[in-house]
Amino acid sequence: MKGIDQRVEAFEGQLRKAGLRMTQQRRLILRVLAEADDHPDAKGIFTRAFAHDPTLSLSTVYRTMKVLETQGAIERHAFEDGVSRYEHADQAHHDHLIDIESGTVVEFSSPEIEALQAKIAAELGYEIVRHRLELYGRRLPTAGKRRKAQG
Ligand SMILES: [Zn+2]
């Protein structure tokens, strides 16, 4: 897990490596991305950045994010609502539970699930290189306050 300035720097490095010129607008997009601690889609990033620079276009945001995704700096999730959502690729591994009513994305990690997946893969003659686990759920009426809710 990195600080925001370090993240912006790392993103800048990725864009330069991909041959993109660093502009004021790209720097703004990178900062907004670095500050996001949820799972925003490109429009969400655009809306946040647009508040600082109303000359910004959605296509600039798309292009910038596409490059970062290709470089592996941000990770894209295609949850069932059909919208591509993004998060920083520098976080510890975790899985997601999506609230089907509110769209809230809840992060979790479970050593038991990780171990079970490795065991199943090994029994099938594989080692796991990566995995994605998405749970879709409806909140129980008896549930208490949400632990860590993200949009
Ligand atoms: Zn996440």
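**View 1. Two domains of a predicted model.** The domain assignment, which comes from an automatic or database source, gives domain 1 (4–88) and domain 2 (95–150). Their C-alpha centres lie 25 Å apart. Domain 1 puts 5 residues into the contact and domain 2 puts in 6 residues. Two residues are in contact if their C-beta atoms, placed from the backbone, lie within 7 Å. On the side of domain 1 that touches domain 2 there are 1 nonpolar, 1 polar and 3 charged residues. Ala, Val, Leu, Ile, Met, Phe, Trp, Tyr, Cys and Pro count as nonpolar; Asp, Glu, Lys and Arg count as charged; the others, Gly among them, count as polar. Residues are numbered from 1 along each chain as its sequence is written. The model is predicted: local features need pLDDT of at least 70, side-chain atom pairs count only at pLDDT 80 or more, and totals for chains, interfaces and linings use all residues.

**View 2. Leu 30 in helix 2.** Leu 30 sits in helix 2 (residues 24–35). Helices (H or I, at least four residues) and strands (E, at least two) are DSSP runs, numbered from the N terminus. Leu 30 is buried because it has 24 C-beta neighbours inside 10 Å; the cut-offs are 20 or more others within 10 Å for buried, 12 or fewer for exposed, and in between for partly exposed, with C-beta atoms placed from the backbone. Beyond neighbours within four places in sequence, Leu 30 contacts Val 8, Phe 11 and Glu 12.

View 3. Strand 1 (residues 74–78) and strand 2 (residues 84–88) run antiparallel, joined by 5 bridges. Pairing requires at least two DSSP bridges between the strands. Ala 78 stands opposite Ser 84. The hairpin has 5 residues between its strands, and Gly 82 in the turn has a positive phi of about 85 degrees.
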